[in-house]
Amino acid sequence: MAVSAEYGLFSFFEENTLGVGPLSLVSLRGSQVRPNTLTKNIWDKETEVLVRWGKDLYPAKILDISDNEQSVLKRPEELLKDTLEDEECGRGRRRKKTINFSSSEEEEEQAPPRKKGISCSNCKQLTDRLLAMERDNQRLIRQLDAIHDLKHMLKACAPPASQPLQSAPPASQPLQSAPLTAGQTQDPSSDDMVIGEGIVVSRTKVMRCNHSSPSKLACDLLSVLYTRRELATMSLTGQKGSAKEAVKPPLPPNVLNAIFEYALQKFPGADVATLRGAVRNKLNNESKVFKK
């Protein structure tokens with residue numbers, strides 16, 4: 001049964017919009033509404049239907065039905081007066097909502113206005129969140145600047161590399177820790193560790209050594225045990241390198257063996273000859289620095 005050729009005043013309640021058009025715009029597919037109920041005398045204004053407005057379907061209520069479209073268009077204020085909900089205006093007063101009004105003849109493809117994706121309350125929350133993040137960013141920038149200033153202050157307080165420390169131990173003894181001879185005992189602290197034959201070093205400093213290769217690890221362990229000035233006055237074997245050079249004392253054998261033993265534990269396939277060559281180059285480079 002086809003829908004009659006009458007016209008209806010549609011209230012698109014979700015969009016707060018009114019429209020006038022033929023009842024043929026009402027979609028009856030999947031609906032319990034029957035064509036014979038779309039008459040002025042028996043139609044219930046609270047019944048919700050789907051209306052094809054433009055290219056899409058929108059939920060709506062039919063506020064009035066008439067066989068004359070012009071008669072529906074001439075009475076919008078009268079129809080709105082009893083059907084549309086007012087909104088509060090403060091102190092008990094109320095005012096009518098602003099309603100968009102259109103007809104299918106004026107703009108055939110015009111659809112009810114869509115709701116915006118973000119409400120005003122969501123906009124305020126996003127704005128507050130953005131301001132809070134900007135404040136956090138400024139605080140982090142100030143902290144980074146303070147760290148940068150502290151680093152410069154620490155560099156200014158550090159003694160130059162060319163000046164010896166006031167309380168440096170003899171060149172034949174390690175700076176951070178002395179090797180333990182047979183019969184001596186020592187209770188290492190929680191940060192101490194023993195490498196090789198009784199050589200106690202700081203675990204933290206050992207962990208900071210370069211563990212990417214056995215040669216770099218052996219050279220860094222030397223820097224943990226001795227200062228640069230001490231290394232400049234020592235040699236690998238204690239033998240004279242050339243006629244112009246003075247004889248330098250050798251590295252203590254137990255210290256050298258401890259360094260090689262630790263490096264071989266971390267790199268089982270390493271070559272002792274390569275480690276000795278790396279230590280010799282380290283000592284020669286430090287000697288050249290302090291000769292300048």
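Reader: What covers the buried residues of H5?

Author: This is a predicted model, and in it the cover over the buried residues of H5 includes strand E10 (199-202), helix H4 (203-207), H6, H7 and H8.

Reader: Which residues of H5 are buried, then?

Author: Pro-214, Leu-217, Ala-218, Cys-219, Leu-221, Leu-222, Val-224 and Leu-225 are the buried ones.

Reader: How many residues does H5 have, and how far does it reach?

Author: H5 has 12 residues, and from its first C-alpha to its last it reaches 17 Å. That is close to the 16 Å expected at 1.5 Å a residue.

Reader: OK, let's take the neighbours. At what angle do H5 and H7 pack?

Author: About 140°, and their axes are 9 Å apart. H5 and H7 are therefore oblique to each other.

Reader: Right-handed or left-handed crossing?

Author: H5 and H7 cross in a right-handed way. On the H5 side the contact uses Pro-214, Leu-217, Ala-218, Leu-221, Leu-222 and Leu-225. H7 brings Val-255, Ile-259, Tyr-262, Ala-263 and Lys-266.

Reader: How do those residues divide by class?

Author: The contact of H5 with H7 has 10 nonpolar residues, no polar ones and 1 charged.

Reader: Now H5 against H8. How do the axes sit there?

Author: The axes of H5 and H8 come within 9 Å and cross at roughly 45°, so the two helices are oblique to each other. H5 passes H8 in a right-handed crossing.

Reader: Which residues meet in that one?

Author: From H5 you have Pro-214, Ser-215, Ala-218, Cys-219, Leu-222 and Ser-223. They meet Thr-274, Leu-275, Ala-278, Val-279 and Lys-282 in H8. Split by class, the contact of H5 with H8 has 7 nonpolar, 3 polar and 1 charged residues.

Reader: And the remaining pair, H7 with H8: what angle and what distance?

Author: Helix H7 (residues 253-266) packs with helix H8 (residues 272-291) at an angle of about 125°, and the axes are 11 Å apart. That makes H7 oblique to H8. The crossing in which H7 passes H8 is right-handed.

Reader: Who makes the contact?

Author: Leu-256, Phe-260, Ala-263 and Leu-264 do it for H7, while Val-272, Leu-275, Arg-276 and Val-279 do it for H8. These residues of H7 and H8 divide into 7 nonpolar, no polar and 1 charged.

Reader: Is H7 the length you'd expect, or off?

Author: It agrees: the 14 residues of H7 should span 20 Å at 1.5 Å a residue, and its end C-alpha atoms are 20 Å apart.

Reader: What's buried in H7, and what does it pack against?

Author: Val-255, Leu-256, Ala-258, Ile-259, Phe-260, Tyr-262 and Ala-263 are the buried residues of H7. They pack against strand E9 (192-195), E10, H4, H5 and H8.

Reader: How far does H8 reach?

Author: H8 has 20 residues and reaches 29 Å from first C-alpha to last, close to the 28 Å expected at 1.5 Å a residue.

Reader: Switching topic: Tyr-58. Where is it found?

Author: Tyr-58 is in strand E5 (residues 56-66). With 6% relative accessibility, Tyr-58 counts as buried. The C-alpha atoms of Tyr-58 and Ser-11 are separated by 10.0 Å, and the two residues are 47 apart along the chain.

Reader: And the whole chain: how many helices and strands?

Author: The chain has 8 helices and 10 strands. Of its 292 residues, 28% count as buried.

Reader: For contacts between residues at least 6 apart in sequence, how many join residues at least 24 apart?

Author: 60% of those contacts in the chain do.

How values were computed
Residues numbered from 1 in each chain as written. Predicted model: local features only at pLDDT ≥ 70, side-chain atom pairs only at ≥ 80, totals over all residues. Heavy atoms only, no water. Axes fitted to C-alpha atoms, helices over the stretch in contact; angles between N-to-C directions. Helix = DSSP H or I, 4+ residues; strand = E, 2+ residues; numbered from the N terminus. Parallel < 35°, antiparallel > 145°, perpendicular 65-115°, else oblique. Left-handed = near helix turned anticlockwise from the far one by under 90°. Contact = heavy atoms within 4.5 Å. Nonpolar A, V, L, I, M, F, W, Y, C, P; charged D, E, K, R; others polar. Expected span 1.5 Å × (residues − 1). Buried < 20%, exposed > 50% of the residue type's maximum accessible area, 1.4 Å probe, protein only.
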